[in-house]
Amino acid sequence: PAIEFGLDAPFTIDYHDSLPSTNARARELAAEDETDVAVVANEQTGGRGRLDRAWRSPPGGIWLSVLCRPDLPPAHAPVLTLAAAVAVTEIAREHGVEAGIKWPNDVLVGDEETKLAGILTEMEGEADRVSWVVVGIGINVDPAGLPEDATGLRAHATDVDRRAFVQDLLERFAALRADPEEALAAWREHALTLGQRVRVSTGDGTIVGTARDVEFPGTLVVATDNGPVRVHAGDCEHLRPA
Ligand code: BTX
């Protein structure tokens, strides 16, 4: 069933039963000068992850992209990804789901590290200011039809109303977006990665060490045998203790 939306979210809702990708739709709206729109779809037929990976988006999930035009340089935009991960984690926890964040943007549940949600941020702009940012958020709801290492909200919580979840999520995201320090502090609080042995793959190579901190706007600090290394983007794997 379609999600019914009230009008009291801090973003205008652009709802579709089915879209190739809510991020693609939000980028179209960006070209039309729209702002503060949340594109929501019941199903995506061509959902995307980072590095053009596919994102499975069966009907009944929460597939959402927020279009905004913050007064930020592009280099600071990762703080919005962190804010989105925090918002998803906190609203999931309010539903009793033991969610936590793996750097930079995966929301996982429990020790098994099953993936509940992912975030894909895209942007365009000049060196000193973005012209738009699209924060795409995919949250699994029903556990059926997902990859093996994935989970859905309904595997851990019985009472999940998608409309209310999206409403709360957008309000929390709007509040965190306005307060990057708070977003960073909350990220540290919900982090599963800090203190762990990690292997991080970046475009330039692989870094192995212990994750020590995350710094503004989302940089991971890894203690390695050769001293601290700061990683701006990459894929992070938690290494099990030997
Ligand atoms: P990512 O690159 O970190 O993760 C993508 C990987 O996650 C895939 O290669 C696959 O292994 C796995 N995967 C695919 N589908 C799922 C799923 N439903 N649940 C768990 N794991 C999965 C993460 O990228 C960013 C995902 C953003 C998705 C949102 S949905 C709304 C918006 N529109 C859009 O096209 N993308 C974003």
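Modeller: We begin with pairing: two strands pair if DSSP finds at least two bridges between them. The elements themselves are DSSP runs numbered from the N terminus, helices being H or I of at least four residues and strands E of at least two. This is a predicted model, in which local features need pLDDT of at least 70 and side-chain atom pairs count only at pLDDT 80 or more, while totals for chains, interfaces and linings use all residues. Residues are numbered from 1 along each chain as its sequence is written, and side-chain values use heavy atoms, with hydrogens and water left out.

Biologist: How many bridges join S10 to S11, and do these strands run parallel or antiparallel?

Modeller: In general, strands of a sheet pair through backbone hydrogen bonds, either parallel or antiparallel. Here S10 and S11 run antiparallel and are joined by five bridges. Thr224 faces Gly227 of S11, and Leu220 has Val231 as its bridge partner in S11.

Biologist: What is the order of the strands in the open sheet of five strands?

Modeller: The order is S11-S10-S9-S8-S12, and the pairing is antiparallel. Strand S11 (227-231) and strand S12 (235-238) are at the edges with a single partner strand each, so one side of each has no neighbour in the sheet. On average, neighbouring strands of this sheet are turned by 45° against each other, direction ignored. For such angles, axes are lines fitted to C-alpha atoms, for helices over the stretch in contact, and angles between N-to-C directions run from 0 to 180 degrees.

Biologist: What is the order in the open sheet of seven strands?

Modeller: That sheet reads S1-S2-S3-S7-S6-S5-S4, with mixed pairing. Its edges are S1 and strand S4 (99-102), each having a single partner strand, so one side of each is left without a neighbour in the sheet. From one strand to the next, the twist averages 20°. Both senses of pairing can be illustrated: S1 (residues 12-19) and S2 (residues 37-44) run parallel and are joined by seven bridges, whereas S5 (residues 106-109) and S6 (residues 114-125) are antiparallel over three bridges. Leu19 stands opposite Gln44 in S2, and Leu108 is opposite Lys115 in S6. H2 packs on the sheet, where it touches S4, S5, S6 and strand S7 (130-139), and its direction makes about 160° with that of S4.

Biologist: What unit do S1, helix H1 and S2 make?

Modeller: A crossover is right-handed if, with the strands pointing away from the viewer, the path from the first strand over the helix to the second runs clockwise. S1, helix H1 (residues 22-31) and S2 make a β-α-β unit that is right-handed.

Biologist: At what angle do helix H2 and helix H4 pack?

Modeller: Angles under 35 degrees count as roughly parallel, over 145 as roughly antiparallel, 65 to 115 as roughly perpendicular and the rest as oblique. Helix H2 (residues 78-94) and helix H4 (residues 180-190) pack at about 55°, their axes being 9 Å apart. H2 is therefore oblique to H4. A crossing is left-handed if the near helix is turned anticlockwise from the far one by less than a right angle, and right-handed if clockwise; H2 passes H4 in a left-handed crossing. In the contact (heavy atoms within 4.5 Å), the residues of H2 include Val79, Leu82 and Arg93, and those of H4 include Pro180, Trp187 and His190. By class, the residues of this contact are nine nonpolar, two polar and two charged. Ala, Val, Leu, Ile, Met, Phe, Trp, Tyr, Cys and Pro count as nonpolar, Asp, Glu, Lys and Arg as charged, and the others, Gly among them, as polar.

Biologist: Is the crossing of H2 and H3 left-handed or right-handed?

Modeller: The crossing is right-handed. The axes of H2 and helix H3 (residues 162-177) come within 9 Å and cross at roughly 140°, and H2 and H3 are therefore oblique to each other. Leu80, Val88 and Ile91 are among the residues of H2 that meet H3, where the partners include Phe165, Leu169 and Arg172. The contact of H2 with H3 has twelve nonpolar, no polar and five charged residues.

Biologist: Which peptide bond from a Phe is cis, and what is phi of Leu51?

Modeller: Most residues other than glycine have a negative phi, and most peptide bonds are trans. The bond from Phe216 to Pro217 is cis, with omega near 5°, and Pro217 lies in the loop between strand S9 (205-215) and strand S10 (219-224). A cis peptide bond also joins Trp103 and Pro104, with omega about -5°; Pro104 is in the loop between S4 and S5. Leu51, a residue other than glycine, has a positive phi near 50° and lies in the loop between S2 and strand S3 (62-68).
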